[in-house]
Amino acid sequence: MTIEVDIAILGGGPAGYTAAIRAAQLGKRTAVVEAGKLGGTCLHQGCIPSKSLLRSAEVYHTVKQAEVFGVRVPADRIELDYTRVLERKQQTVDQLHRGLQSLMRKHDILVVQGKGRVIGPSIFSPRSGSLAVELADGEMETVVSRNLILATGSQPRTLKGLEPDGRYVMTSDDALAMTELPRSLLIVGGGVIGVEWASMMNDFGAQVTLVETASRLLPGEDGEVSAEADKQLQRRGVRVLTGVAIDPSTYRAEDGGIAIYADTEGGRVQLEAERMLVSVGRAARVAGIGLENTDVRSEDGIIPVNGMMQTSEPHIYAVGDVNGGLQLAHAAAHEAIIAVEHICGLAPQPLEHHRVPRAIYSRPEIASIGYTEYEVKKLGLEVKTGKVPFAAIGKAWVRGETEGFVKVIADRATGDLLGVHIIGPGATDMISEAALAQLLDATPWEASQAIRPHPSLSESLGEAMMAVDGQSLAF
């Protein structure tokens with residue numbers, strides 16, 4: 001069977017389904033080919049299920065602290081029902097999946113469930129870019145399109161010698177599938193995923209050891225934020241080791257747990273835990289998708305693109321994790337819009353990576369946009385900064401969450417807003433205000449003139465904007 005469309009999309013994650021919806025809005029007949037479930041990794045093995053677990057962990061922690069708020073809950077009656085935690089996680093995923101399927105029907109988007117592979121020129125199409133799709137029943141279908149968008153996403157990276165077995169050595173996918181909580185967990189990798197899982201498992205009551213090869217946690221974030229995250233995790237009982245090299249050759253698994261040696265500044269140490277989570281980033285999914293049937297180049301495991309998301313074959317686009325850019329669902333969705341609008345003859349603006357907010361859903365939350373202070377200084381700019389602790393904000397005291405701060409970085413010469421970094425309550429929501437300020441090219445002074453309600457956490461951002469010029473009224 002052959003299906004003809006204007007735009008075919010390989011992959012049904014945030015990049016793929018966003019591209020499909022935008023294409024349908026612009027009047028294009030569109031097909032999405034997805035081997036798994038519509039929604040991709042983000043909905044089924046990433047963003048949504050992990051954040052559901054993090055929310056349950058946060059609630060469990062809050063209940064244990066209830067007496068601080070005048071709510072007496074006997075300690076012997078506080079019980080974590082992890083089966084129910086998992087049920088709620090799946091209910092959330094299922095609800096969003098149903099909503100996504102409804103959106104596809106609403107926009108008359110064809111969803112082809114099967115394993116897609118790019119094919120070369122054929123009697124149906126004089127150029128590469130069509131898709132051969134193997135359906136669940138073994139039948140084959142061909143999707144012929146004028147333009148193709150590759151949105152195949154990524155998969156967890158592994159370490160040689162520490163290949164996941166799903167029992168002792170886990171990827172984040174495996175960790176989400178755990179039906180029982182381990183008593184102890186060794187996390188290899190102190191990036192976003194590692195920090196989120198360390199926070200979550202600590203709140204669930206596990207003994208957590210978090211190791212990072214770099215000299216600090218969250219190497220991509222501002223140095224002061226990294227230091228604060230490290231301090232808060234250790235204060236909660238997480239063992240954090242940075243500048244550590246794990247030796248996979250020393251790994252051994254036995255009934256009841258794992259052991260491995262690591263090299264630290266103080267010498268070689270043995271690390272033990274019931275299970276190990278390897279969270280060392282994600283690799284673009286480029287293998288097995290038929291690139292060899294095209295002139296599309298792949299370099300270092302990714303598909304290079306230009307500012308309009310075009311590959312070396314102009315009618316084939318690559319969006320999301322597969323192109324090696326920011327591995328963020330919201331960045332992938334924006335790239336998808338750029339690709340579709342370019343196909344349709346519009347004039348979208350290229351994505352500027354420093355205008356994409358980053359969010360980490362640990363406790364406390366972390367969010368940022370723009371450049372870190374280190375990056376700005378590398379650019380040769382002289383900066384001025386404003387920093388306000390949440391301990392100076394009334395709403396933070398009301399919530400009982402006064403850890404962390406808001407930091408604003410501006411160009412001393414021009415006053416331009418260069419970066420905003422938040423670690424503390426509400427960070428992942430408040431960063432959108434900073435993103436809007438940066439989009440509108442507002443200076444910190446201009447951003448500070450917005451009147452914010454009192455008491456609110458958003459006052460911290462306004463005060464930090466004023467602190468850039470030494471005018472904060474709170475600190």
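How many helices and strands are there in the protein? There are 13 helices and 21 strands, where helices (H or I, at least four residues) and strands (E, at least two) are DSSP runs numbered from the N terminus. This is a predicted model, in which local features need pLDDT of at least 70 and side-chain atom pairs count only at pLDDT 80 or more, while totals for chains, interfaces and linings use all residues. Residues are numbered from 1 along each chain as its sequence is written, and side-chain values use heavy atoms, with hydrogens and water left out.

**Figure 1. The whole protein.** The C-alpha trace spans about 70 × 60 × 45 Å along its principal axes. For 475 residues a compact globule would have a radius of gyration near 23 Å, and the 24 Å of the protein agrees with this. The radius is taken over C-alpha atoms, and the globule rule is 2.2 Å times the number of residues to the power 0.38.

**Figure 2. The five-stranded parallel sheet.** Here is an open sheet with the order S7-S14-S8-S9-S10 and parallel pairing. Strand S7 (169-170) and strand S10 (239-242) are the edge strands; each has a single partner strand, so one side of each is left without a neighbour in the sheet. Two strands count as paired if DSSP finds at least two bridges between them. Strand S8 (residues 184-188) and strand S14 (residues 275-278) run parallel and are joined by four bridges. Look for leucine 186, which stands opposite methionine 276 in S14. Helix H6 (residues 192-203) packs on this sheet and touches S8, strand S9 (207-212) and S14, contact meaning heavy atoms within 4.5 Å. The direction of H6 makes about 165 degrees with that of S9. Axes are lines fitted to C-alpha atoms, for helices over the stretch in contact, and angles run from 0 to 180 degrees between N-to-C directions.

**Figure 3. The three-stranded antiparallel sheet.** This open sheet has the order S11-S12-S13, with antiparallel pairing. S11 and strand S13 (267-273) stand at the edges with a single partner strand each, so one side of each is left without a neighbour in the sheet. From one strand to the next the twist averages 20 degrees. Strand S11 (residues 245-254) and strand S12 (residues 257-264) pair over six bridges, with alanine 253 opposite isoleucine 258 in S12. These two strands form a hairpin with two residues between them, and glycine 256 in the turn has a positive phi of about 100 degrees. S12 and S13 pair over seven bridges, and aspartate 263 stands opposite arginine 268 in S13.

**Figure 4. The second largest pocket.** A pocket is, on a 1 Å grid over the protein atoms alone, an open set of points with protein on both sides within 12 Å along at least five of seven lines, whereas a cavity is a set where a 1.4 Å probe fits but cannot get out; lining residues have an atom within 4 Å of a point. Grid points are joined across faces, edges and corners, and a volume is the space filled by probe spheres set on the points. This pocket has a volume of about 450 Å³. It is lined by 16 residues, and His61, Arg363, Gly400, Glu401 and Glu403 lie nearest its centre. Helix H3 (47-64) and helix H7 (223-235) are the elements that give two or more residues to the lining, and H3 gives the most, with three. By class, the lining has four nonpolar, five polar and seven charged residues. Ala, Val, Leu, Ile, Met, Phe, Trp, Tyr, Cys and Pro count as nonpolar, Asp, Glu, Lys and Arg as charged, and the others, Gly among them, as polar.

**Figure 5. Two cavities.** The count is two cavities of 30 Å³ or more. The largest cavity has a volume of about 50 Å³, and among its lining residues are Pro156, Thr171, Ile193 and Arg282. The second largest cavity has a volume of about 40 Å³. H7 provides the largest share of its lining, three residues, and the lining also includes Arg363 and Pro364.

Figure 6. Arginine 363 and proline 364 are joined by a cis peptide bond with omega of about 0 degrees; proline 364 is in the loop between strand S17 (358-360) and strand S18 (366-370). The bond from histidine 454 to proline 455 is also cis, with omega near -5 degrees, and proline 455 lies between helix H12 (444-448) and helix H13 (459-467). Aspartate 108, although not a glycine, has a positive phi of about 55 degrees.
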